[in-house]
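Please read the following note with the sequence and the model open side by side. It is written for a reader who is new to protein structure.

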Amino acid sequence: MGKGGGCVPSKKRQPSSAEGSATATATTATNNAPIEADEETHGTAGVAVNSTNAQSVTATLKIFIVYYSMYGHVEKLAKRMKKGVDGVEGVEAVLYRVPETLPADVLDHMKAPSKNPEVPEIKAAELAEADGVLFGFPTRFGCMAAQMKAFFDSSGQLWKEQTLAGKPAGFFVSTGTQGGGQEATAWTAITQLVHHGMLFVPIGYTFGAGMFKMDSIRGGSPYGAGVYAGDGTREPTETELGLAEHQGKYMAGVVKRLCQA
């Protein structure tokens, strides 16, 4: 994985005109083929790689799940998301948290629990080692929390060298209310990816029936998984966690497919 980021096609000899005409149709068909699921998720097709036609990936691909979580809601989604990634053969998820920017006394006043010591803090330069990244954060007035923004602000050297260009990335969020930014928080974060040249990977409606449930409150959107935290005491529902797991599996399939070339 060199400068330029992401999994890029191998450099191969250029085909002759005869070879090009013979393979053009096959190439077009392959590129336009739907992405198939390795297995079913909530009765719907997740995006992964067709193991019959795909070339084998010898090295384990790594997806970094990088998050900020003040009260633990985003962290719960991140852990379930890791399960989805790890369920795809040849892909592994690594959890990281971004550095806290608030002083300890302020966090104590806000009754924020201690950070999980088992999840290491990440430095922006380490993103270069990932084949794909999933960023998770709570909302602050429709935008990412300042802690995550500070992390992106520290990635100037990566931006200068365009090290992350071509790497696929996605978002998952936490909001306090139903109108609190489940879509807007992810939407306003896309600018960070654009300046780095990263590829935004939304989940669309690939979660199937789970995206249309109206019998209970559910976070998440076509942009990515999400949870409603309420006043901080509400726990993620199984549907919200299931969507997070699906997003992990979906992203793993996309990264794996990109790295097949």
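1. Basis of the note. This is a predicted model, in which local features need pLDDT of at least 70 and side-chain atom pairs count only at pLDDT 80 or more, while totals for chains, interfaces and linings use all residues. Residues are numbered from 1 along each chain as its sequence is written, and side-chain values use heavy atoms, with hydrogens and water left out.

2. Whole chain. The chain has 7 helices and 9 strands; these are DSSP runs numbered from the N terminus, with helices being H or I of at least four residues and strands E of at least two. Of its 261 residues, 47% are buried (under 20% relative accessible area, with exposed over 50% and partly exposed in between; 1.4 Å probe, protein chains only). Among contacts (heavy atoms within 4.5 Å) with a separation of 6 or more, 76% are between residues 24 or more positions apart.

3. Partners of β7. Two strands pair if DSSP finds at least two bridges between them. Strand β5 runs parallel to β7 and is joined to it by 6 bridges; F137 has V173 as its bridge partner. Strand β9 (residues 226–228) is also parallel to β7, with 3 bridges, and here V173 is partnered by G226. The parallel pairing of β7 with β8 (residues 199–200) has 2 bridges, and P168 is partnered by L199.

4. Crossover. Together, β7, helix α6 (residues 184–196) and β8 form a right-handed β-α-β unit. Right-handed means that, with the strands pointing away from the viewer, the path from the first strand over the helix to the second runs clockwise.

5. Aromatic rings. The chain has 8 aromatic pairs (rings of Phe, Tyr and Trp, the last by its six-membered ring, with centres within 6.5 Å; planes under 30 degrees apart are stacked, over 60 edge-to-face and the rest tilted). One of them, F135 with F152, is tilted, at 4.9 Å centre to centre and 50° between the planes. Because F135 lies in β5 (residues 132–140) and F152 in helix α4 (residues 146–153), this pair ties together parts 17 residues apart in sequence. F135 is buried, at 0% relative accessible area, and F152 is buried at 6%. Ring pairs link F135, F137, F151, F152, F171, F200 and Y223 into a cluster.
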